[in-house]
Amino acid sequence: MGGTTDGAGVLRRGLDIVPTVMSSQRSPEVDRPNGDASIVARGLTRHFGEVRAVDGVDLEVAPGEVYGFLGPNGAGKTTITRMLCTLLRPSAGGATVGGFDIVREAGQVRLAIGVTLQEGALDDKLTGRELLRLQGRFYGLTRGEVERRISEVSPILDVAAIDRRIGTYSGGMKRRLDVAASLIHNPRILFLDEPTTGLDPVSRAAVWEQVARLRSEFGMTIFLTTQYLEEADALADRVGIIDEGLLRAEGHPEELKRRIGTDVIVVRLAEGIGGAEGIGGVEGVGGAEGVGGAEGVGSDGEVGRSGDGGGGQGTVARAVAVLEGLPGASGVEAHGHEVTVATEDGAATISPVAVALSGADLPVMDIALRRPTLDDVFLDLTGRHIVVDEDAGGGGEDATGRGES
Amino acid sequence: MSETSIRERTGGSGSGSPGSGGRGSSGPDHAPIGARQMGFWHDLFAVGHRAVILLPRDMAAIIPALIVPIFFYAVTIGALQDVAAFANIGLEYKAFQLPLALVMTVTGISRAHALVLDVQGGYFDRLLLTPVNRWSLLLGMFVADTIVLLFLSLPVLALGLGLGVRFATGAAGIITFVAIITVWGLAYTGFPYAIALRTGNPTAVNNSFLLFFPLVFLTPAWMPRDALTGWLAAIATWNPVTYIIEGLRTLVIGWDGVALGKTLAAVGGIGAVSQYLAFSALKRRTTP
């Protein structure tokens, strides 16, 4: 990677390159986890008093793999990361990182890993260069090795700012320095705990670019936690979806999405008292003919809207009952006032969905057709959408006084 | 020093992060770089180095600790030296008060507020993720503490000498005086460090000065012990700081092995308690 030292460069390269690099350079033939896995967890559990923050998680990450751990704030991502990084002892179960046991061989684990913590653990009174030098010394690097490594990680940094106090850095600059510091000792395995939470899109793109580069050019094993769907989708070879301390599903992002179906039709039912007026709104868009054509809907086109109408759980249940029997609908689920219809052919199915709802006198707010996302997978698994908490960067404090989310 | 390299254990399969030369690179300029465990003294020096380079950037927290005792010393001498002349305390009041001024200067001075900010901001976790020796995380702070204690105590001592205080024990007495004050300052640091590590709360560390008042002022601070009466005399007799102040006063008059022995015992006793608390808190904080 050439030097990305100015914000505009980062923006152009980040926004332009990241999606293509991620997709084209992601190796489908990444080694499947096996006995030589970089990270292996078995029944990993952590309690905080009565709270079961992590509950029996099994996972394996192959060498050179980017493993994305996706879940909302409080799901248990940080607790698992802190256990794997030796900052927290498991209540039950165990894990090896780099072939070393995280409890019995914690010192060896620390030598093998680099960690970027969620809270951005920097010292504002140091300059960027001082922080990197100290970090290198803590890992036993000689003065020459430290200077060589600073030079090597400098593309990640804003080199012009490296001799400025960290307290003057922007959030994005701090995050990149944090990543550089975690790489100073040339680790084999990198843990990134929500590396882009709270960052602006430019800085986020720059971090994505670096993660992609570490993975594609240097074969580093990366364990990435995130609450951003698009981040897991773009960066990870495999994604683990975690919620309430449980690993709900695991697989390649596309595999996970295929669980839902090829397409998803999302019907939002109007709240309040419904009736013919609501349905009339749908018909007003053009009736069944108007929404039936493929060109009329697009991949995420809104095809019907009612001005007012009714809803409630009874209405949702009726809508589910109506749609479950529909040809082409492979799965129908209710989530609040939404009903999702999984289907192999969204373009062909959306029209019958609209007609069926209209025929059942159900008040529709809107209907949309789109490809499944990891949020749909999460919704399917947990019954909830992922709600991003942009302020989660500092993490909470658990009973032990250590960060927790 | 024991040096354990992760590359040695794992066959040198460095993944090679940016520009590392990648796998299989050779030659001295491209030898794989990897983390090593270096041992206690290396780590102590590294942690101490960081603490020291931060000192000039934290003068706003250090300078007030110099102003307050100088102010107290000047005001106390100005207000009481004529009264003290009637009390036959065996010393000029400016010499009598100098040990108290020094004890006030150094007691409670530490880098605990910097440590608690490391804990709160996450930098302490960054240190815990490295192979750094755990004891050095606290002992390294003592390096900076020693510098600060000397930085603060020497001007106060110089003020006393400038006002005419003379040590009958000569230069050796002055050096002993400074050494005892510095060791006392270090011994006491265990309390604020223990609070910093236990609580991770800067406010709690700032409030640790509350311990300072009874320890320093329930002593023969303004009058000799035999001039104290009632409950204050009883408490002063049991207060270890009494014997630190008295031992320091004897250095102005002449060598007194018994008094200095009591001083060292008092410093050692309080130091043992405070450092036990600090290192227990460190162990708790660094145990996963």
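In this predicted model, helix H5 (residues 93-106) of chain B packs against helix H14 (residues 240-253) of chain B, with the two axes 9 Å apart and an angle of about 130 degrees between them. That angle is why H5(B) counts as oblique to H14(B). The crossing of H5(B) over H14(B) is right-handed. On the H5(B) side, the residues taking part are Ala95(B), Phe96(B), Pro99(B), Leu100(B) and Val103(B), and they meet Val241(B), Ile244(B), Ile245(B), Leu248(B), Arg249(B) and Val252(B) of H14(B). Sorted by class, this contact has 10 nonpolar residues, one charged residue and no polar ones. A bit of helix geometry is handy here: an α-helix has 3.6 residues a turn, so residues three or four places apart point the same way.

Chain B has 288 residues, and 42% of them count as buried. Take the contacts in chain B with a separation of 6 or more: 77% of these link residues 24 or more positions apart.

Helix H6 of chain B, residues 112-121, gives a closer look at some buried positions. Which residues of H6(B) are buried? They are Ala112(B), Ala114(B), Leu115(B), Val116(B), Asp118(B) and Val119(B). The buried residues of H6(B) have quite a list of partners in chain B: helix H2 (40-54), helix H7 (123-128), helix H8 (134-162), helix H10 (190-199) and helix H11 (202-206). Just past the end of H6(B) comes Gly122(B), whose phi is positive, at about 100 degrees.

Chain A and chain B also touch each other. How many residues does each chain bring to the contact? Chain A puts in 41 residues and chain B puts in 36. On the chain A side, helix H3 (106-112), helix H4 (128-138), helix H5 (143-153) and helix H7 (201-218) supply at least two residues each. The side of chain A that touches chain B is made up of 20 nonpolar, 12 charged and nine polar residues.

One last stop is Thr79(A), which sits in helix H2 (residues 77-84) of chain A. Is Thr79(A) buried or exposed? Thr79(A) counts as buried, because 29 C-beta neighbours lie inside 10 Å, and the cut-off for that label is 20 or more. Thr79(A) and Arg46(A) are 33 residues apart along the sequence, yet their C-alpha atoms are 7.7 Å apart in space.

How values were computed:
Residues numbered from 1 in each chain as written. Chains lettered and ligands numbered in written order. Predicted model: local features only at pLDDT ≥ 70, side-chain atom pairs only at ≥ 80, totals over all residues. Contact = placed C-beta atoms within 7 Å. Helix = DSSP H or I, 4+ residues; strand = E, 2+ residues; numbered from the N terminus. Nonpolar A, V, L, I, M, F, W, Y, C, P; charged D, E, K, R; others polar. Buried ≥ 20, exposed ≤ 12 C-beta atoms within 10 Å, placed from the backbone. Axes fitted to C-alpha atoms, helices over the stretch in contact; angles between N-to-C directions. Parallel < 35°, antiparallel > 145°, perpendicular 65-115°, else oblique. Left-handed = near helix turned anticlockwise from the far one by under 90°.
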